[in-house]
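Here are my notes on the pocket and the ligand. Please read them with the model open beside you.

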Amino acid sequence: MADLTIECVQGDIANQPDMESIVNAANARLMPGSGVAGAIHSAAGPELARECESLAPIAPGQAVITGGHGLPNPYVIHCLGPVYGVDKPSDELLGNCYRNALMLADRKGLTSIAFPAISTGVFGYPIEKAARVAVDAIQAVAGKLTSVRRVRLVLFSDQDLAVFRKALNAGGTSG
Ligand code: AR6
């Protein structure tokens, strides 16, 4: 693998203008919702939901790509995370979100992708567990990537940022 930079920042996933793609913590119907899906759809405008119509529904762990419309990013990759304790095996399905989104971005020739902490809001995933799964999945697929060079994990709160930074440092990569 050439160098892959993985970084953690505190911020809003809908305000990452230097990234070529951002990931939506979507619902199965790919419609606007609360949290990440609300922020992304309101920044993107109604054309995003219209483009999503033909791609839905998606299954837990799956990733699909659309344009960014009113967002500063050319692409949005929509992932459906597992509902914690309901969609099983949860860790595998959550890991699939990160793997599938990264491989999809790579196949498209994109160089950068920003993720929110998928499933850790409405879907109830414990943040420490989710951070470990996310970091492991990204590091496991890093060697297969040919175009993606920058991965950013965007955490909404300082507490979540600290948890993800710890998981990333425990995994031995920069960030
Ligand atoms: N930027 C970054 N992170 C955010 C933002 C934001 N603007 N807003 C919230 N978070 P969630 P899920 C954090 O609920 O658990 C939706 O209604 C939040 O603090 O957005 O995968 C969909 O329609 C949490 O840590 O996603 C689905 O039905 C994390 O992002 C369902 O919720 C994920 O929270 C998906 O639930």
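**Notes on the pocket and ligand**

1. The largest pocket holds about 560 Å³ of space. A pocket is an open set of points on a 1 Å grid over the protein atoms alone, where a 1.4 Å probe fits, with protein on both sides within 12 Å along at least five of seven lines. Its volume is the space filled by probe spheres set on the points, which are joined across faces, edges and corners.

2. The pocket is lined by 25 residues, and A25, S34, G35, V36 and G121 are the closest to its centre. Lining residues have an atom within 4 Å of a point.

3. This is a predicted model, in which local features need pLDDT of at least 70 and side-chain atom pairs pLDDT 80 or more, while totals for chains, interfaces and linings use all residues. Residues are numbered from 1 along each chain as its sequence is written, and side-chain values use heavy atoms, without hydrogens and water.

4. The ligand takes up the space of the largest pocket (more than half of its atoms lie within 2 Å of the grid points). Among the 21 residues around the ligand, N27, V36, S119, T120 and G121 come nearest; to count, a residue needs a heavy atom within 4 Å.

5. S119 places a backbone N or O atom 2.8 Å from a ligand oxygen atom. Polar contacts are pairs of N or O atoms within 3.5 Å.

Conventions:
Polar contact = N/O pair within 3.5 Å; in protein donor to acceptor, adjacent residues only side chain to side chain.
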